[in-house]
Amino acid sequence: MSGVFYDPAFAEVRTREVLLAIEPLIRTVHELPYLLDNANRTAPQRSGQELVEVFNYELHVFLQMSKEAVAECPILSSLPDLLEELRGAVNDCESVGIHFSQTAAEFVRNSADPRMRQEVIKTGEEMIRAMAYLLIRSDLIDVYNISDRIEKLRGCAQNMKQSDSNKMVDDYYQQMCVEIEVLNELTRTRVKDLRYPNERDDLRAAFAEIKATAPVYYAATKAFVRHPDQHSAQNLRDRAYRDVDEALVNYAQIAADGAHQAAANEKRHEASLAYALDNFQNRVMVMDPMRYQRKDRNELENLLEDIIKKAGRVAEEPTTRDERKELIMNSTNKLRQGLQDLLRQYESNSPNEEELDLQEVLVNREIKDLRRRLRRAVVDAVSDAFLDCRTPLQVMIRAAEEGDVDGFDDTKAFFSDHAHRMLHAAELVCEMSSDERGNQMIRYACEYIRRLEPQVISAAALLLSQPDSKIAQENMAMFKMTWLEKVRQLTAAVDATINVDDFIAVSEKHIEKDVEEGLTAIYGQNRDLVDRMAGAIRGRALRICDVVEGEFAELSVSPYFEDIKMATKKLRMDALGTFADRAEQVIRKIPLSPEDDPDMDMQTIGDEMIEACALVGDAVMDIRHAILKSRNLDDVDSDNEYEEDCATTMAPSHVSDGDNQQKLLRRLPEEYKEKIQEKIESFKITQQKFESEVAKWDENRNDLIAIAKHMCHLLENMADYTRGRGPYRTTRNVIDAAQEISTAGKKLITLAKQIVDDCVESATKKDLYGYLEQIDMLSTQLNITSKVKADIEIRGDEVIVGNLDSITQLIQNAKNLLQAVVKTVNCTYIASTKRVVGFGGTFL
């Protein structure tokens, strides 16, 4: 639906076409009870008699359309129970509609009677429920049509399983393909008409699974017909048949009750670590000192302990590096201590607002740190598991082709272990991702790979027993192609969900570790290990290229993105080629054993390897820098990998108002940056509260809200300037903004006074006058503070700030002013409900 009106009775209606067709009828039902409600902006623009006439016409059209649809639907002839049910639902709509029409006509004649209004509302609700029931039941027609096709497909699959010749298999597979094409058209129509995105995604994925399992089942069945005496062939055919049947049943269930699948997905998301972190952070943000209770402590402590428990499991993953494990444990301890400090502030007799904001800032900072470290622990697993997805399959197939029974057992275990590590890494990505649709894509791919893995092993086992069979070879080729395609889909889904900055930062660390292990192997004259480390370095660099290209492939062309593409191309086409050649030369120089050439200078060989690895490291760093330059630096959630661009020219020793002071503010000493950042984070909390408050109103119809939002935007830009961010470059820009804020504050005061002057005497009226005085005073203070120069100088390579207080005071004044605006907006709304309008003490 368009979203202009909403009724809970239609929440279970899954398709849009009929719902859109009857939308005018429902609007009329909603409008009629408000004939005299002129103060309500939803009041109808038509007279009561016109509304009744419109309703009667629209009801007639709806009933005529419904009766024709029921009478002409061919599938209902085979469903007598549903046919009678739909006829009864249409008759119910007709009788309830006539009753509503009569009640509405009587209400129009006597619209001042409150009892008649209630009667119209009551019969209108009955009318809506009757129509909703009819739509819900009529949706079963499409479901039964789909179910009929599913049963035909299941019949084809069953007949194929019982075939004893290749011709029969070919014939039934052709029938199956025809039915799949019919189901494809039904799926397209159904997806187009479904209301909810999750149900559309689920139905598409269910059909894609049917389409993917059919050719695999066909190949497995042909292999069994050719080699019926082979247990591996029968096992393969049976597994493939079971997958096809389960895919068909799953599709039918989603088509009949997609809401159940969506609810299951939502429940799974609510059990994730990402959801727990979001829930805890939101709970901290909405706490109010005036409403704090003891149960709030228990709730927050329980939420945090659940987070710590889940974070501990991520930290204990075998792929999590030791230093990251320690960082995660430290973050959880700091977060636990930060929560206790915050709760103590809430429980003190007179909580200090400034201290509360500071403690809230510290808790949010620890949540952010913990979240980043957990994400990167997950990327540790992804980087390792998806490093090389082809080799495990290829070595297993090679062992099968060569008839190497012992080698096949080892490579089969290697292949299976790699598949399980990929699936586990993908599950960890879902655990730390709040992107529900991205998580769904990952889970679809995981489920298919989980079922396909034993079939691939069975296909390889058949090839092992019949290495010269053309059917076994073709069967293996089909399973190989399917496996690689599904792994590619899983890799793409994982890459689209993880953060590209995290992936590059983690991959750089892994490459550094691989280089260290490679050098150790060189000095130990271990050629095989050097070869593996060189392959790992190359594989990780190629994965960086793939992830970055996938991230920026669909974005519009810009100089920044062109730099990213060029840096990626340089790594893939130039650096990696040179690295591979030099690494191969290094490996050839290493003796097979220390006794072969005891006088070999391994230090020189190690230096050659370092030079080769430096090519890759520098190219990866260029990609990282190119990406970071395209970012708003506020969006970069980083440990320490961001480096300022050193290509800018040195500024003069004294900075005038006309020069760009923003760049200098970025180069402040770290202790200054930390002090400024504490103030900024406190300001951001106030800003979030402001945005939460004003989000209730539409600024297009409310001048007061529009001015308040404009002031917030200017204050945010001023705060960003103190960190060397945002649109303001000089103190002149800040002074101009302060003057603009002062002017906007005066307009806000004028508008608010129009409301408060009409308000009856009350505590609200006194409070509002106080807040308006604060805005006036704080606007003046901000104007003065903005003109106090920070006195920034450069001595050598060091940036000196003579008056840091002028910067922190500017942020504090901006925060205080924004708090006053928040309170004014809230208090003005309350006061507007107490304005005298006309005579008799009537209140709006």
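Predicted model: local features only at pLDDT ≥ 70, side-chain atom pairs only at ≥ 80, totals over all residues.
**Exercise 1.** Determine the handedness of the crossing of helix 5 and helix 7, and then describe how the two helices pack.

*Solution.* Residues are numbered from 1 along each chain as its sequence is written, and side-chain values use heavy atoms, with hydrogens and water left out.

Next, take the geometry: helix 5 (residues 114–161) and helix 7 (residues 197–226) pack at about 15 degrees, with their axes 10 Å apart. Helix 5 is therefore roughly parallel to helix 7, a label for angles under 35 degrees.

Finally, look at the residues in contact (heavy atoms within 4.5 Å): Ile-150, Ala-157, Met-160 and Lys-161 of helix 5 meet Ile-210, Tyr-217, Tyr-218 and Thr-221 of helix 7.

**Exercise 2.** Work out how helix 10 is directed relative to helix 13, and name residues that meet.

*Solution.* Begin with the angle, which is about 170 degrees between helix 10 (residues 273–285) and helix 13 (residues 353–385), whose axes lie 11 Å apart. Helix 10 is therefore roughly antiparallel to helix 13, as angles over 145 degrees are called.

Then turn to the residues: those of helix 10 that meet helix 13 include Leu-273, Phe-280 and Met-285, while among their counterparts in helix 13 are Glu-360, Ile-367 and Leu-374.

Key. Axes fitted to C-alpha atoms, helices over the stretch in contact; angles between N-to-C directions. Helix = DSSP H or I, 4+ residues; strand = E, 2+ residues; numbered from the N terminus. Parallel < 35°, antiparallel > 145°, perpendicular 65-115°, else oblique. Left-handed = near helix turned anticlockwise from the far one by under 90°.
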